[in-house]
Amino acid sequence: MSKTVTNNVKITRVSNACILMEMGGHAILTDPFFINTKMIGIKEDVAIDPEDLPPLTAIIGCHDIVDHWQMKGLADYPHDKDLVKVYVAMKGQVKSARKYGFNNAEVLQWGETRTIGGLTIEAVKAQKMMVWRVNNYVLRYGEVSVFFGSEARDLEPLEAYRKKNGPVDIAVFPTNGVHLFGFYQLVMKGEEAVEGTKILGAKKLFVIHDAHPEIPGFIHIKSSRQDAIRKAFSREVPKVDVVHVNPGILWDYDVVNKIGVV
């Protein structure tokens, strides 16, 4: 990964909701997911070994559940763990981060912001569901902004954020519309991800969280990235570009020229 500070945002998918993002020379890992067991059954490979990660500025986590938060997988992270800031939604995530040596871990409440070397990370309102509190995040470096919501579901918080803070450049959202027991929705459907991207004023929707298995009677998959693509290709305006890359592939977005390449 280049250490040159540029206007670009670089995103490499690891698996599921885990991505490696570079902004302004900072490397940020989201929702660590490196151990895909048969019980979890995510239907795509984990593309990066933890030992191959670059030095991280931060790790962010949207909520505390096994397909989003696995600090055990980072036990052998090869760099100085004390230099990594960990920002999460729930106390259990702080506990597990510290268990595996990441001592600079804290819960960020909605609206709280931390700044590290020009990189700003803000916890943004998402939703509360059963025993979980969910964070969205906005990451900014200079004029570049990315909205990250790996467990995003509701549109109302996005409307409130846009009204207060203006547009962002890129939105990262789930698209498979997971429902528990067939009726309790956990994350956005593809069409909702496109709508959320429009609400935020972004032109690029980077899709994640699209490889869960159906578990009859328990986990119901009610959407996919294809629904986002169909919605984006409709005649509705403003237009949204849906970006999907396979695990291990780098997407390099030039914010100045509004061009993304793999």
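Reader: Which residues make the nonpolar surface patch of about 420 Å²?

Author: A patch is built from residues with over 30% relative accessible area and no salt bridge; like charges are joined within 9 Å, and nonpolar side chains (Val, Leu, Ile, Met, Phe, Trp, Tyr) within 5 Å. Here Phe181, Phe183, Ile215 and Phe218 make a nonpolar surface patch of about 420 Å². Areas come from the Shrake-Rupley method with a 1.4 Å probe, and for residues only the protein chains shown count as cover. This is a predicted model, in which local features need pLDDT of at least 70 and side-chain atom pairs count only at pLDDT 80 or more, while totals for chains, interfaces and linings use all residues. Residues are numbered from 1 along each chain as its sequence is written, and side-chain values use heavy atoms, with hydrogens and water left out.

Reader: Where is isoleucine 215 found?

Author: Isoleucine 215 is in the loop between β14 (204-208) and β15 (219-220). Helices (H or I, at least four residues) and strands (E, at least two) are DSSP runs, numbered from the N terminus. Its relative accessible area is 33%, so isoleucine 215 is partly exposed. The scale is: buried under 20% relative accessible area, exposed over 50%, partly exposed in between (1.4 Å probe, protein chains only).

Reader: How many residues of strand β11 are buried?

Author: In a regular strand the side chains alternate between the two faces of the sheet. For β11 (residues 170-174), 5 of its 5 residues are buried. Ile170, Val172 and Pro174 lie on one side, Ala171 and Phe173 on the other, and both faces are covered.

Reader: Which strands are joined to β11 by bridges?

Author: Two strands pair if DSSP finds at least two bridges between them. Strand β10 (residues 144-148) runs parallel to β11 and is joined to β11 by 3 bridges. Valine 146 stands opposite isoleucine 170 in that pairing. β14 also runs parallel to β11, with 5 bridges between them; phenylalanine 206 in β14 is the bridge partner of valine 172.

Reader: What unit do β10, helix α2 and β11 make?

Author: A crossover is right-handed if, with the strands pointing away from the viewer, the path from the first strand over the helix to the second runs clockwise. β10, α2 (residues 156-165) and β11 make a right-handed β-α-β unit.

Reader: How many residues of helix α3 are buried, and what covers them?

Author: In α3 (residues 190-199), 7 of its 10 residues are buried. They are Gly190, Ala193, Val194, Gly196, Thr197, Lys198 and Ile199. Their cover includes α2, β11, β14, α4 (225-232) and β16 (241-243), where contact means heavy atoms within 4.5 Å. Glycine 201, with a positive phi near 80°, follows α3.

Reader: How many salt bridges does the rule give?

Author: A salt bridge is a side-chain nitrogen of Lys or Arg within 4 Å of a carboxyl oxygen of Asp or Glu. The count is 6. In one of them, arginine 13 meets glutamate 44 at 2.5 Å, N to O. Arginine 13 lies in strand β1 (residues 8-15) and glutamate 44 in the loop between β3 (26-30) and β4 (58-60), so the pair ties together parts that are 31 residues apart in sequence.

Reader: Are arginine 13 and glutamate 44 buried or exposed?

Author: Both are buried. Arginine 114 and glutamate 106 meet in a salt bridge at 3.0 Å, N to O; arginine 114 is partly exposed at 25% relative accessibility, and glutamate 106 is partly exposed at 28%.
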